[in-house]
Each structure stands twice: as structure tokens, then as C-alpha cells.
Amino acid sequence: MFLSKVNDDRELGKILLTEKSEAESSGLDITSLYFRNSQGNVIEAPVSGESAWLCMFCKARERIEDVVVDIGVMEISGGSDHAFRVNSKKDGESLNLSPGDHEIQLQMPCLGLKPGLYNMKIWLFKSKLFSLDIGRII
């Protein structure tokens, strides 16, 4: 379930977000979020112990360099500790995006979360002070 700005045109296993206007956009917008399995098919939900890809479909309105992807996952009933957190800058990676649509993928060869409900936040930013877009899933 996506908590804000969800488009009513839903597809199985995908969260489609309402497109931002030019005035609302910071130049890079998350337009959909979904998981793929090892065969590349969109799935409704990942399964613990199996491989999965978290996919973020984004629209860049201009060329943007050094985009950092930060993903935090917390168990809803598990307090404030992260079940896992991934930051591309800490891994020495960043993205350079040309104008247009892009799919950003996080490959998880073996999803290591126990069955349960999780809250996921996804940040795309150029620096700690300039957030390009944030997605939140629970």
C-alpha cells in the first residue's frame, strides 16, 4: 500500500504515482515502484529467501549528475531500527541521468527479511540538503 499521491490506474504488483506538475517537480520524479522476480516478471510482493529486484521507474526532466539512491526498510512492529539500509554513495556509486524515463533497480540475490509488515522509504538526492524525490511504501 502506498501512502500518498497514488494514481487510481493501478496495475498488479505496481504502485503508480500521480505525475507531478512542472512546478511541483524538483527535476527527478519517482513515477512507479514494483518488485521483479529472477525471471524479470513483476510480482505482487517479494518472498523471503528468494531473489528479488526492487524497481523504481523515474522521470528526469533534465540532465542530473551524481544522483544518490537511499533505501531504508523498517519492520512496522520492530521499533525504529532499520531491517536494512542501502545507500549508493556509501557504496561509492551514483547515477548520471539524461532527460527521460529510467528504471533504477536494487538486486537482492536472497531477500533476508522475515515474514511481516515493513515500512520502506526511498530517497533520491544530489546532496544531503537537496532531496529530489521520496517514495514511501508500507
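Me: How many helices and how many strands does the protein chain have?

Reply: Helices (H or I, at least four residues) and strands (E, at least two) are DSSP runs, numbered from the N terminus. The protein chain has 0 helices and 10 strands. From the N terminus on, its elements therefore read β-β-β-β-β-β-β-β-β-β. Please note that this is a predicted model, in which local features need pLDDT of at least 70 and side-chain atom pairs count only at pLDDT 80 or more, whereas totals for chains, interfaces and linings use all residues. Residues are numbered from 1 along each chain as its sequence is written, and side-chain values use heavy atoms, with hydrogens and water left out.

Me: What share of the residues in the protein chain is buried?

Reply: A residue is called buried under 20% relative accessible area, exposed over 50%, and partly exposed in between (1.4 Å probe, protein chains only). Of the 138 residues in the protein chain, 37% are buried. The accessible surface comes to about 8,300 Å² (Shrake-Rupley method with a 1.4 Å probe; for residues, only the protein chains shown count as cover). Carbon and sulfur atoms account for 50% of that surface.

Me: Which residues have the most contacts inside the largest nonpolar core?

Reply: In soluble globular proteins, nonpolar side chains tend to be buried together. A nonpolar core is a set of buried Ala, Val, Leu, Ile, Met, Phe, Trp, Tyr and Cys residues joined through side-chain atoms within 4.5 Å. The largest one here has 27 residues, and those with the most contacts inside it are Leu 28, Leu 54, Met 56, Ile 71, Ile 122 and Leu 124. At least two residues of this core come from each of strands S2 (28-36), S4 (52-60), S5 (64-75), S8 (100-108) and S9 (118-127).

Me: How many salt bridges does the count come to?

Reply: A salt bridge is a side-chain nitrogen of Lys or Arg within 4 Å of a carboxyl oxygen of Asp or Glu. The count comes to 7 salt bridges. In one of them, Glu 19 pairs with Lys 59, and the closest N and O atoms are 3.0 Å apart. Glu 19 lies in the loop between strand S1 (14-16) and S2, and Lys 59 in strand S4, so this pair ties together parts that are 40 residues apart in sequence. Lys 59 is partly exposed, at 25% relative accessibility.

Me: Where do Arg 61 and Asp 29 lie in the chain?

Reply: The side chains of Arg 61 and Asp 29 meet in a salt bridge, N to O, at 3.0 Å. Arg 61 lies in the loop between S4 and S5 and Asp 29 in strand S2, so that the pair links distant parts of the chain, 32 residues apart. Arg 61 is partly exposed at 22% relative accessible area, whereas Asp 29 is buried at 3%.

Me: Is Asp 70, the partner of Arg 85 in another salt bridge, buried or exposed?

Reply: Asp 70 is buried, with a relative accessible area of 4%, while Arg 85 is partly exposed at 46%. Their N to O distance is 2.8 Å. Arg 85 belongs to strand S6 (residues 84-87) and Asp 70 to strand S5, 15 residues apart.

Me: Which ring does the charged end of Lys 14 sit over?

Reply: A charge sits over a ring if NZ of Lys or CZ of Arg is within 6 Å of the ring centre and within 35 degrees of the ring normal. The charged end of Lys 14 sits over the ring of Tyr 34, 4.6 Å from its centre.

Me: What does Leu 111 touch beyond its sequence neighbours?

Reply: Contact means heavy atoms within 4.5 Å. Not counting residues up to four places away in sequence, Leu 111 touches Pro 46, Val 47, Ser 48, Gly 49 and Glu 50. Leu 111 lies in the loop between S8 and S9 and is buried, with a relative accessible area of 8%. The C-alpha atoms of Leu 111 and Glu 50 are separated by 5.7 Å, although the two are 61 residues apart along the chain.
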